[in-house]
Structure formats: structure tokens, C-alpha cells
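Here is a short briefing to read with the sequence and the 3D view side by side. Start with the display, then work through the topics.

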Amino acid sequence: MKDFAAIDFETANGNRTSVCSVGIVVVRNGEIVDSFYSLIKPEPEYYNYYCTRIHGLTKEDTENAPVFPQVWTQIEPLIEGLPLVAHNKAFDESCLKAVFRCYQMDYPDYPFFCTLQQSRKVWPQGHHNLDIIAARCGYNLENHHHALADAEACARIAIEIL
């Protein structure tokens, strides 16, 4: 696959609609050509300890952030016509669908591919965490759980194994 958009969400709490940041990395002809990052005001707007411990974001970080529909109007033209790729698509795709439903937006039925599933086929043994698989593909993920850094790691993996 040479043309796609890697996507990663972080959530504020256990609710899939609580996306609080998004990272997008656009790949064309096997090269990264664009990226996008935004904080998002989550819905519902509260942070649990576990999520904050993972990504470091708090309510103060997103209290003045745009809501998802405003952010998506910036993302939509970047990814038009591209399949989406995520490391653990089950999570990111479910977040995307949930937040589209939450804001009563028409979901465009994006084709979604998963670098986690593919990495398990390529390397059946061992762990398949994003940072581990990124390192196997020659990419050093330094800011794990920052949505843009994770999207870039996913893009680098997808370039190698999808």
C-alpha cells in the first residue's frame, strides 16, 4: 500500500467518544507528505487517572480545544480518497465511529487497515506493541502515546509491512 492516512486517537476516559487528541500522517507513493495534530474537547468531558497517566493530557489541556466536528473539517480534505491505517484498528476505528455517532455526523465508511494485525502475521512471536514494532521497522518512537508520534510510527510500519 503506497497511499493511505495513518490515524491515532487518545481518549480522556473509557468512553470511545472521549477522543481528546488526534494525529494524522498522510502517505502518498510510499512517502510521508503531510501531517496533522489537534487537541479535541472530549465528550464526555472528564479525564480518568488511567488515561491521563498514559498520555499526560488533562482537562486543562483541552478546555479551550475545538470539538470533534470542527477538527474533522480540517482532517477530511487531507484524507479524502485514502484508506485509513491504525495500529490496533479495533480501538481507533471504534473511536472514530463512536464520535461520528455522538455528533450525529454521517460516517463515510472509511476502509481501515491494521498494522497490529499485520505485524502478528509478519512476526508471529513476541510482543506487538507499537513501539516494539516501530523499532523492528527501523523507527524510534520517542514520544509514545502522543497521537501524532503514534500516527507517524504507524505510518512507518505500514510503509514497511502493508
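Buried means under 20% relative accessible area, exposed means over 50%, and partly exposed lies in between. At 34%, Arg156 therefore counts as partly exposed. Keep that scale in mind, since several residues below are placed on it. The model shown is predicted.

**Overall layout**

- The chain holds seven helices and five strands.
- Along the sequence, the order is β-β-β-α-α-α-β-α-β-α-α-α.
- A compact globule of 162 residues would have a radius of gyration near 15 Å, and the chain agrees with 15 Å.
- Along the principal axes, the C-alpha atoms fill a box of roughly 40 × 35 × 20 Å.
- Of the 162 residues, 46% count as buried.
- The accessible surface of the chain is about 8,000 Å². Carbon and sulfur atoms account for 46% of that surface.
- Take the contacts between residues at least 6 apart in sequence: 64% of them join residues at least 24 apart.

**Nonpolar cores**

- In soluble globular proteins, nonpolar side chains tend to be buried together.
- The largest nonpolar core here has 24 residues.
- Which residues have the most contacts inside this core? They are Ile7, Phe9, Val22, Ile24, Phe68, Trp72 and Leu96.
- Five elements each supply at least two residues of this core: S1, strand S2 (19-28), helix H3 (68-79), strand S4 (84-86) and H4.
- Leu96 is in contact with Phe9, Phe68, Trp72, Leu84, Tyr107, Tyr110 and Phe112, leaving aside its neighbours within four places in sequence.
- Another core, of 10 residues, lies apart from the largest one. Its members include Ala134, Cys137, Leu141 and Ile161.

**Salt bridges**

- Side chains of opposite charge can pair when their charged atoms come close.
- How many salt bridges does a search of the whole structure find? The search finds four.
- Lys41 and Glu45 form one of them through their side chains, with N to O at 3.3 Å.
- Lys41 is partly exposed, at 22% relative accessibility. Glu45 is partly exposed too, at 29%.
- Lys89 pairs with Glu93, and their closest N and O atoms are 3.5 Å apart.
- Lys89 and Glu93 are four residues apart in helix H4 (residues 89-102), so about one helical turn separates them.
- Is Glu93 buried or exposed? Glu93 is buried, with a relative accessible area of 14%.
- Lys97 joins Lys89 and Glu93 in a network of salt bridges.
- Arg156 pairs with Glu152, with the closest N and O atoms 3.1 Å apart.
- Arg156 and Glu152 are four residues apart in helix H7 (residues 147-161), so about one helical turn lies between them.
- Glu152 is partly exposed, at 26% relative accessibility.

- Where does Thr11 lie? Thr11 lies in strand S1 (residues 4-11).
- Thr11 is buried, because its relative accessible area is 8%.
- A polar atom of the Thr11 side chain lies 3.3 Å from the backbone oxygen of Asn13.
- Leaving aside its neighbours within four places in sequence, Thr11 is in contact with Arg16, Ser18, Val19, Cys20, Cys51, His55, Phe91 and Cys95.

- His87 sits in the loop between S4 and H4.
- Why does His87 count as buried? Its relative accessibility is 13%, and the cut-off for buried is under 20%.
- The side chains of His87 and Thr115 make a polar contact at 2.7 Å.
- A polar atom of the His87 side chain also lies 2.8 Å from the backbone oxygen of His128.
- Neighbours within four places in sequence aside, the contacts of His87 include Asp92, Thr115, Leu116, Ser119 and His128.
- Also among the contacts of His87 are Asn129, Leu130, Ile133, Cys154 and Ile157.

Technical notes. Residues are numbered from 1 along each chain as its sequence is written. This is a predicted model: local features need pLDDT of at least 70, side-chain atom pairs count only at pLDDT 80 or more; totals for chains, interfaces and linings use all residues. Side-chain values use heavy atoms; hydrogens and water are left out. Buried means under 20% relative accessible area, exposed over 50%, partly exposed in between (1.4 Å probe, protein chains only). A polar contact is a pair of N or O atoms within 3.5 Å; within protein, one must be able to donate a hydrogen and the other to accept it, and residues adjacent in sequence count only if both atoms are side-chain atoms. Contact means heavy atoms within 4.5 Å. The radius of gyration is taken over C-alpha atoms; the globule rule is 2.2 Å times the number of residues to the power 0.38. Accessible areas come from the Shrake-Rupley method with a 1.4 Å probe; for residues, only the protein chains shown count as cover. A nonpolar core is a set of buried Ala, Val, Leu, Ile, Met, Phe, Trp, Tyr and Cys residues joined through side-chain atoms within 4.5 Å.
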